[in-house]
Amino acid sequence: MTKPAGDAVFGPTHTHAGAVAEGGVVGTGGAGKIDGLARITGAAQFVDDMVLPRMVHAKLLRSPHPHARIVSIDTSAAQATPGVVGIMVGTDLPIRHGAIPVAQDETALAIDKVRYVGEPVACVAATSEEVARSAARAIQVVYEAIDPVLSIDHALDPDKPLIHPDARKPSNVLRRVFQSYGDVDAGFEAADAVLEEIYEYPGSTHVPLEAHAALASADPDGGLTIWSSTQNPHYVHKTLARVLELRPADIRLIKPAVGAGYGGKCDTFVSDLCAAHLSIKLQRPVKLALEREEVFYAHRGRHRTRMWLKMGMKKDGTITAIDFKAWADGGAYASYGVVTAYYLGVFLTLPYVIDHVRFTTIRVYTNHPPCGPKRGHGAIQPRFALELHIDRLAEQLGLDPVDVRLAQLVQPDTETVNGLRITSVGLRECIERVVEASGYRDKVGQLGEGRGIGLASSAYMCGALHGVYPDELPHSGVQLQLDRSGRVTIFAGTADVGQGSTHMLATIVAERLGIDTSICTVIEGDTELTPVDLGSYSSRVTFMAGNAAVQAADRARAMIFDAVSDHLGCTPDDLTAHGGAIHWGDQQVPWAEACVLAESKHGTLGTEGSYKPPRIGSRFRRQSVGPSPAYSFTAQVAEVTVDPETGISRVDQMWCAHDLGRVLHPEIAEGQVEGCVYMGVGEAMLEDQTYQDGVMTTPSILEYRIPTVYDTPPIHTLLIESHDPGGPFGAKEVGEGPQLSTVPAIGIALHDATGCWLERPPYTPDRVLRALEGKPARHRPLPPDIIPRRRKD
Amino acid sequence: MLKLSLTVNGERVCCAVPAHTSLLDLLREDLRLTGTKHGCDLGDCGACTVLVDGKPRLSCISLAATCEGQEITTVEGLAAPGELHPIQAALHRHVGAQCGYCTPGIAVRLSALFDENPAPDEAAIHDALGANICRCTGYTKILAAAAEVAGLKP
């Protein structure tokens, strides 16, 4: 088998797969996605749709206390319930796990103590959901309450109890990050105006419409198959092996259709671990599907974050320096919180050139459900503060805030002060296009009382250079199987949770082979069949799995061209692939026939491709979180109306221009932008995850206010192509970045409408009225920015 | 147990269920029509929408017992086998389904709208979708698909 030379080493800096063939599939739409009809007809099988012979159902008992010692658990009444077949408690699976190797602080079920209201304590398997539910309620747990840690201030109070007293280095601070670049103090001295303000960003949660669920089936010949509603099959697979003490090779994890995640299904959940354990113990299939209220406790959503920002600006608008502090309430467990602490700071240097930047971020533990990665992970909160701040300083200095931005955009092929390598940048075009489309120049300051318009911009990563586990392995793998019928089967460990990565893979492979996507099948997210992909997080899939698909397809193409050139009597270089055939001048060989020629010459046809991010040296050894092979850019404009009598505000329209490198499929890409803007509108206007004495105030879809069709403004999407040199066909991410500038654009528009700066979303009528009445925001004194020394323990 | 006789997607169904069984559980668990989804079990999200005698109904908060003698249509019965309802075809072309979990409920809800009014205006489409949560799309592509079926100019 011949393989093209030069790509044996992973991670070339430039893997751009070149031009799109005439009549090619990249960039074409209007015909849905290859797996679209299954979802529209109800045929797609989600975990909860599956039933296996002898299957039993599992239900959980959860903690009513935010912080308590478990004195005893009496399961006898549950055990005696007819229909109950198995019960497990925390000590049945004592091995700790966690998303990040340095912060493994969770167990499947609570052991010895509970750390948030809603934490799972026991699990019951029974012949019906109803029996399992009532038996779980019959379990008697005696608790001894511990003083709860219910705020960032509590977490930094050295007299409050430790949430994880038996950790290696016990502290209620999971991670503090301090980084400084340039000379920040000199930067402030060079400024004509310096402004410091306090901001607060609310907590919010993903609310995927499909609740987390797992169905596990132990195999009598050894091993376990588990279907999990997950974004990260590989990490869940790894965690299951660790906690269940099985060889990874003995676990098959399958990701069936998943009803979205938005970051909420990145972790390994109690459903995965308990279904797996009980299935092995009982030797029968066990399904554990969370109920809606439980999804709110599973959480892993946006960290409620308090922020302090100081920025200096010259009379010409140049930002001279930034000093930033953030404190994030992370809830009871680490999840991805170590990464959150970095993301709160490292992207301050994008998308504007700022040479003097310093930040301190602190991610604490509290007795709330654990926070984690939600769309725009960690970058949403500082972006909100920073964009508002730019407008405030521009206003002080009498400058146009859009021109201020345009004058200091990061440039292609440069490096930021904190060592982020920038490749393609389409932000100037994003800003110009969105300003034009929205009529911003004619509207700003001129819409009349109660109406306003605002612009914000942002940048986001296309996957992380460094995986969660430090190793030399590829981040994405794709294998192709070419059948003599012409069918191309694409095997990838990716997790399509609705974003369209299945169609993305088919598009890329079809384009390189000159065929239609309808002759491609994608088998994805199955650890027994598909090569590893690290998962649907950090906006990495198009960039990384896409590049692996390019490599696999190019290797297949080389084999096809080799055989067809023999047949036609030309050289492989003479051939092109398009329109379902291989062409040499006027002669052509239809695709299926070309496959037969290649199989005849080479034997069974299969290729593989891998992607590992390029090794980009950084000047900063500590800078391992934040660097990405490429960055996407966004500019958006919000238009709002405020009723000054009631404070009721609404977003009338949103315009969003996003530099995604290259459009692979227009409707899918637009849909990602629209979904981001929608989720941002929710965070700006409605969603606020609050707690009263540790009890979540809104654990239902009625109480937790998700935007309905009435709350969602028309969203005008502009896709901007900057052709990234490293992206597959030049493509970058589109699934998260557009959300970053939504909330600040709305905040800035509300200022245009009211003259008030609203430093704390969501912009509910009470907050807007307070601001309109001239009352200052209620900011509590800021917490300390160092980790206080504990007096005892 | 309660004996029930009803029509589901044109087929006569006779069954016996506990009196407190929801219509959703009857459809999903007893009849294995899993196209209709559990979203919240509280009537908050619309994922479980089906038609009862042609009218949209939240099946998670409807008792199966109240459907005696009635005609139920689920997403599986929106069109003849192998065919698509026009709203399904439009949702497909516009990529109105991302994760697809809300989609059966939305397709069923919109089919009821078009049955009632083949040419609804934008406001009527909004009103029809008011009780269906979609967390992926921002509704934009769903509205575009519905507008196309309604014959509204984009």
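Two strands count as paired if DSSP finds at least two bridges between them. Keep that in mind as you work through this predicted model.

**Exercise 1.** Work out how β14(A) and β15(A) pair, and over how many bridges.

*Solution.* 
- Start with the cut-off: a pair needs at least two bridges.
- Now look at the two strands: β14(A) and β15 (residues 357-364) of chain A share eight bridges, and they run in the parallel sense.
- For one such bridge, pick A:Phe324, whose partner in β15(A) is A:Phe359.

**Exercise 2.** Find out what β13(A) and β14(A) form, and how many residues sit between them.

*Solution.* 
- First, the pairing: β13 (residues 304-313) of chain A lines up with β14(A) in the antiparallel sense, with 10 bridges.
- One of the bridges joins A:Met313 to A:Ile319 in β14(A).
- Next, the connection: the two strands make a hairpin, with five residues between them.
- Check the turn as well, where A:Gly317 has a positive phi of about 100°.

**Exercise 3.** Say how the radius of gyration of chain A sits against the globule rule.

*Solution.* 
- Begin with the inventory: chain A holds 19 helices and 30 strands.
- Its radius of gyration is 27 Å, close to the 28 Å that the globule rule gives for 793 residues, so chain A is as compact as a globular protein of that length.
- For the extents, the C-alpha trace of chain A spans about 80 × 75 × 50 Å along its principal axes.

**Exercise 4.** Describe the side of chain B that touches chain A.

*Solution.* 
- Count both sides: 43 residues of chain A and 38 residues of chain B take part in the contact.
- Four helices of chain B each supply at least two residues of its side: α2 (86-93), α3 (103-116), α4 (122-129) and α5 (140-150).
- The largest share, four residues, comes from α2(B).
- Sorted by class, the chain B side has 17 nonpolar, 15 polar and six charged residues.

Methods. Residues numbered from 1 in each chain as written. Chains lettered and ligands numbered in written order. Predicted model: local features only at pLDDT ≥ 70, side-chain atom pairs only at ≥ 80, totals over all residues. Rg over C-alpha atoms; globule rule 2.2 N^0.38 Å. Contact = placed C-beta atoms within 7 Å. Nonpolar A, V, L, I, M, F, W, Y, C, P; charged D, E, K, R; others polar.
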